[in-house]
Amino acid sequence: MKPRFTALKGVADVLPPETGLWRKIENTACLVMGAYGYEEIRPPVMEQTGLFLRSIGGSSDIVAKEMYTFTDKGERSVSLRPEGTASIVRAYVEHNLSSRPAPQKFFYSGPMFRYERPQKGRQRQFYQLGAECFGIADPGVDAEMIIMLMAFLDRLGLKGLSLELNSIGCKECRPAFRERLREFFAPRLGELCPDCQRRYEQNPLRILDCKVERCGEIRKGSPLISETLCQDCREHFTALLEFLDVMGTAYVFNPHMVRGLDYYTRTVFEVKGGACMGAQNAVAAGGRYDLLVSEFGGPETPAIGFAAGMERLAGLLQGEAVTPGPALFIASLGKEAAVEALKLASRLREGGTRVELGWGGFSLKSQLRRADKIGAGNVVIIGEDELKSGSFKWKNLKDGSSGEAGREDIFAQFSQAK
Ligand code: HAM
């Protein structure tokens, strides 16, 4: 059989039992972030294209090459969101959320869209789970955000992750760094890839992010932003590291990290998942963006956030993807027995017991085979004799115990089974 339609390239179905894993990840995020005072926000998946141009920036790969942009029937340029932060900042300004007491804290999850070359851990439609905190500039908030992210990953049971940090300065000190980079790259400008030649003009920080091997060679020994940070940025970063030290949060200072989005100021961070993930090993990433709210027309509002890739988290937890079988399978023979089975199942399901029924008019033997195949914990058999006597046979398929009991006793026996 050949399917007539298949999903688009880089756009995947998430099927059970993996969806169970996704549910677990989302529930864990709700639990952990709820304890930190984060409330859910659900922005739309499409926005005016200009929103992403202004925030993520024209010099980023995302805007330059990866956006799903189209003109709608009203001749407006619309883009599918490549990330969540821009929309949440737009919502924050549009709904005047700055009038609420600071900090305002939000978490979100949902699909994002980037036209990238698909590979393991990299898709064109992928899901992010993220958090954004508005209104406080204190480096303690940076520490709290990072500690929350690490607590979430820890609660999921993920081990062997490494947290990398850097500060990329502010509008006071970054221009000097840009100039130093231009001076450094100027003699070899012609050797850089065409993208980096464009980046040299627009935003030379992006050259530090280029994946082309030759550009990686050329940038060896390039200036480090840590050498040009202003006093305030330096103090902010030092205070953050002190908080993390006190809290015992392990980190690696990565002076080369600049991140691929233009809106960041000061703190940037990434959590990497080790060699088992291949090239796409960033599980989560984020940073401060103290200028974005005012750039979108809101009051000056410091902010910080992160997003984690759901596919990458699920990939690391893959071995755990199993759907447990039903607690009870009710096999029945004949229409009357089927009605009795349906009534019993409905009562048990109301209380949350997972029950499957042996529909289909199959023999008792084939129903029991199916119960076994789907991993049922117990079976109850209802045939003509059982209907007459009012006493049903049951069997525990895990430990082999069995017995007979009346309708109400059967209900009581399985009403606690999950
Ligand atoms: P980002 O680094 O572009 O940051 O993405 C965050 C995470 O999304 C990555 O670490 C990765 O796990 C996942 N991800 C990104 N692209 C793909 C893809 N094509 N396929 C699968 N997973 C992917 C942001 O998006 C920022 N908005 C994070 C942030 C929030 N900064 C401040 N607040």
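A cavity is a set of grid points where a 1.4 Å probe fits but cannot get out, and its lining residues have an atom within 4 Å of a point. In this predicted model, Ile330, Ser332, Ala338, Ala341, Leu357, Gly358 and Trp359 line the second largest cavity. The domain assignment gives domain 1 (18–173 + 229–316) and domain 2 (328–412).

**Domains**
- The centres of domain 1 and domain 2, taken over C-alpha atoms, are 50 Å apart.
- Ala345 and Phe269 are 76 residues apart along the chain, and their C-alpha atoms are separated by 51 Å.

**Cavities**
- The whole structure holds 2 cavities of 30 Å³ or more.
- The lining of the largest cavity consists of Tyr36, Tyr38, Lys105, Cys133, Val141, Glu144, Met145 and Met148.
- Helix 5 (residues 139–155) contributes the most to that lining, with 4 residues.
- By class, the lining of the largest cavity has 6 nonpolar, no polar and 2 charged residues.
- The lining of the second largest cavity has 5 nonpolar, 2 polar and no charged residues.
- Strand 12 (328–332) and helix 12 (335–350) each supply at least two residues of the lining of the second largest cavity.

**Two residues of helix 12**
- Glu340 is in helix 12, and Ala345 is also placed in helix 12.
- Glu340 counts as buried because its relative accessibility is 11%, and the cut-off for buried is under 20%.
- Leaving out residues up to four places away in sequence, Glu340 touches Ile382, Leu387, Phe392 and Arg407.
- Ala345 has 0% relative accessibility and so counts as buried.
- Beyond its neighbours within four places in sequence, Ala345 is in contact with Ile330, Val355 and Leu357.

**Cysteines**
- A disulfide is a covalent bond between the sulfur atoms of two cysteines.
- A search of the whole structure finds 0 disulfides.
- Cys30 is in no disulfide, and the nearest cysteine sulfur, that of Cys133, is 17 Å away.
- Cys210 is in no disulfide either; its nearest cysteine sulfur, that of Cys196, is 3.6 Å away, and a disulfide is counted only for a pair of sulfur atoms within 2.5 Å.
- Cys30 is partly exposed, with a relative accessible area of 36%, whereas Cys210 is buried at 6%.

**Backbone**
- Most residues other than glycine have a negative phi, and most peptide bonds are trans.
- The peptide bond from Pro16 to Pro17 is cis, with omega near 5°, and Pro17 lies in the segment before helix 1 (18–35).
- Ala102 and Pro103 are also joined by a cis peptide bond, with omega about -5°.
- Pro103 is in the loop between helix 4 (85–94) and strand 5 (104–113).
- Glu75, which is not a glycine, has a positive phi near 65°.
- Glu75 is in the loop between strand 3 (69–71) and strand 4 (77–80), and it is exposed, with a relative accessible area of 66%.
- Arg259 has a positive phi of about 70° although it is not a glycine.
- Arg259 sits in the loop between strand 8 (252–253) and strand 9 (267–272), and it counts as buried at 11% relative accessibility.

Notes: Residues numbered from 1 in each chain as written. Predicted model: local features only at pLDDT ≥ 70, side-chain atom pairs only at ≥ 80, totals over all residues. Heavy atoms only, no water. 1 Å grid on protein atoms, 1.4 Å probe; cavity = no way out; pocket = protein on both sides within 12 Å on 5 of 7 lines; lining within 4 Å. Points joined across faces, edges and corners; volume = space filled by probe spheres on them. Nonpolar A, V, L, I, M, F, W, Y, C, P; charged D, E, K, R; others polar. Domains from an automatic or database assignment. Buried < 20%, exposed > 50% of the residue type's maximum accessible area, 1.4 Å probe, protein only. Contact = heavy atoms within 4.5 Å.
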